[in-house]
Amino acid sequence: MSTRIAFLKGHGTKNDFVIVPDPENAIELPPAAVAALCDRRAGIGGDGLLHVVRSAAHPEVRHLAAEAEWFMDYRNGDGSIAEMCGNGVRVFARYLQRAGLVGEGDLAIATRGGVKTVHIAKAAAGGDVTVGMGKALFPEGDVTVSVADQHWPARNVNMGNPHAVAFVDDLAHAGTLYDPPPFSPVSAYPDGVNVEFVVDRGPRHVAMRVHERGAGETRSCGTGACAVAVAAARRDGVDPATTGSPVTYTVDLPGGSLVITERPDGEIEMTGPAVIVAEGEIDAEWLETVNP
């Protein structure tokens, strides 16, 4: 490992990430190191870490190299590995653009949740990034989430990672979200779950708070916003597969708004901002000291 490691910091609707460029997959990032980098007091600070690797250099996705040159090796803020992060994909694409590795237009990015199609808009159009998030799955079985002595039925939605979407009367009902909200049955989510609490703001317009698995409450969650939009559409009786028309919801999060569109074929698109705010270097010797 070199004595200095380059990093950047970015966010998508204030869901923030440490970005570590490592095209040849040469930097070792065990869970303790990731958690230290994401620590907001003793590290750089972030909800998660985006490890930027060429697909051909990573054994998990080498088979996808012909489809997507770059792999988003995403880690949660506690160091655990996650399948996907919608805001993370947008910020990942913005980094590739900033580094001169891609331009405006379309590109493919490999994730543990599959290959995602990304479109980077021209700066004159606002510079938003649109991500093809794939299709939502709706695992069978009733789910309930709880806060203190309150309980709500939740829609089980999988966006490449698991979500439990609960519609409530007031976002304050979610409590502090410091700890993961209890859910039942426990067998529904053996590896934990992202829990969204949702209120209505108007026609095709909702607001949400989220506890992200491995990160706590975050200012935004892209896959969570997609899960919320499709759950709201099913609740509202506007399933695009049935109506034959796409449906779009605006989802307000503490960090900003995302626009989610589901097409009749089930494909979901998410559009929102992605910003790089800083870059610098990490002391590799310090990073080695935080590894057990």
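Helices and strands here are DSSP runs numbered from the N terminus, and I keep in mind throughout that the model I am reading is predicted.

**Entry on Ser55.** I looked up where Ser55 sits, and I found it in the loop between β3 (48-54) and β4 (70-76). Setting aside residues up to four places away in sequence, I listed what Ser55 touches: Val61, Arg62, Ala65, Ala68, Glu69, Trp70, Phe71 and Ala110.

**Entry on helix α3.** I checked the length of α3, which covers residues 222-235, and at 1.5 Å a residue its 14 residues should span 20 Å, which agrees with the 20 Å between its end C-alpha atoms. I also noted that 13 of the 14 residues of α3 are buried, so the helix is largely enclosed by the rest of the structure. Just after α3, I came upon Gly237, which takes a positive phi of about 75 degrees.

**Entry on the cores.** I wanted to know which residues touch the most other members of the largest nonpolar core, and of its 53 residues these are Met72, Val118 and Ile260. Helix α3 gives the most to this core, with nine residues. Apart from this core lies another, of 18 residues, among them Trp152, Val168, Leu177 and Tyr189. As a general reminder, I wrote down that in soluble globular proteins nonpolar side chains tend to be buried together.

**Entry on Ile260.** Leaving aside its neighbours within four places in sequence, I found Ile260 in contact with Ala225, Cys226, Ala229, Val247, Thr248, Tyr249, Val251, Ile268, Glu269 and Met270.

How values were computed
Residues numbered from 1 in each chain as written. Predicted model: local features only at pLDDT ≥ 70, side-chain atom pairs only at ≥ 80, totals over all residues. Heavy atoms only, no water. Helix = DSSP H or I, 4+ residues; strand = E, 2+ residues; numbered from the N terminus. Expected span 1.5 Å × (residues − 1). Buried < 20%, exposed > 50% of the residue type's maximum accessible area, 1.4 Å probe, protein only. Contact = heavy atoms within 4.5 Å. Core = buried A, V, L, I, M, F, W, Y, C linked by side-chain atoms within 4.5 Å.
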